[in-house]
Amino acid sequence: MSTTTRTPLEEQTASLKERALAGGRINQLPFTTDTEDCLENHLAITCPLCAHNYVHFEHPTYYNGDDDYKTQSGVRGDLILIPFWGECGHVFNVCVGYHKGNSYIFTQVLSTD
Ligand SMILES: [Zn+2]
């Protein structure tokens with residue numbers, strides 16, 4: 001039997017993904033152009049709870065929904081999950097999910113502290 005050791009970041013990311021797959025509050029993905037250094041023709045992602053624009057993403061994961069809601073995110077098909085943490089202290093996932101011919105982008109809020 002082998003054991004694997006995760007770094008603290010890997011532990012946090014794994015925990016976020018497990019919590020995301022178990023649910024989480026669904027919000028629209030908020031954007032802003034009101035930042036000091038906003039790039040032309042770009043929108044800055046903000047925290048879905050407090051609108052802080054200093055947010056950082058981790059490695060995304062692709063989940064097979066098997067066209068049977070197996071991602072437990074509300075969409076029937078596959079899901080791309082990108083874990084985010086904000087300098088505000090909130091954590092959330094940005095998700096792209098496939099549902100009956102449409103692809104949706106939304107957030108799953110994982111902490112409200
Ligand atoms: Zn926040």
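How many helices and strands are there in the chain?

**Model and fold**

There are one helix and eight strands in the chain; both kinds of element are DSSP runs numbered from the N terminus, helices being H or I of at least four residues and strands E of at least two. From the N terminus the order is α-β-β-β-β-β-β-β-β. Residues are numbered from 1 along each chain as its sequence is written. This is a predicted model, in which local features need pLDDT of at least 70, side-chain atom pairs count only at pLDDT 80 or more, and totals for chains, interfaces and linings use all residues.

**Confidence**

The chain has a mean pLDDT of 81, with 76% of its residues at 70 or more; pLDDT is the predictor's confidence in each residue, from 0 to 100. Where pLDDT is low, the predicted coordinates should not be read in detail.

Strands β7 (residues 91-99) and β8 (residues 102-109) pair in the antiparallel sense over eight bridges; pairing requires at least two DSSP bridges. F92 stands opposite V109 in β8. Two residues lie between the strands of this hairpin, and K100 takes a positive phi near 50°.

**Core**

Of the 113 residues, 24% are buried, that is, with 20 or more other C-beta atoms within 10 Å of their own, C-beta atoms being placed from the backbone. The largest nonpolar core consists of F84, W85, V91, F92 and L110; such a core is a set of buried Ala, Val, Leu, Ile, Met, Phe, Trp, Tyr and Cys residues joined through C-beta atoms within 7 Å. Strands β6 (79-86) and β7 each supply at least two of its residues.

Terms used:
Buried ≥ 20, exposed ≤ 12 C-beta atoms within 10 Å, placed from the backbone.
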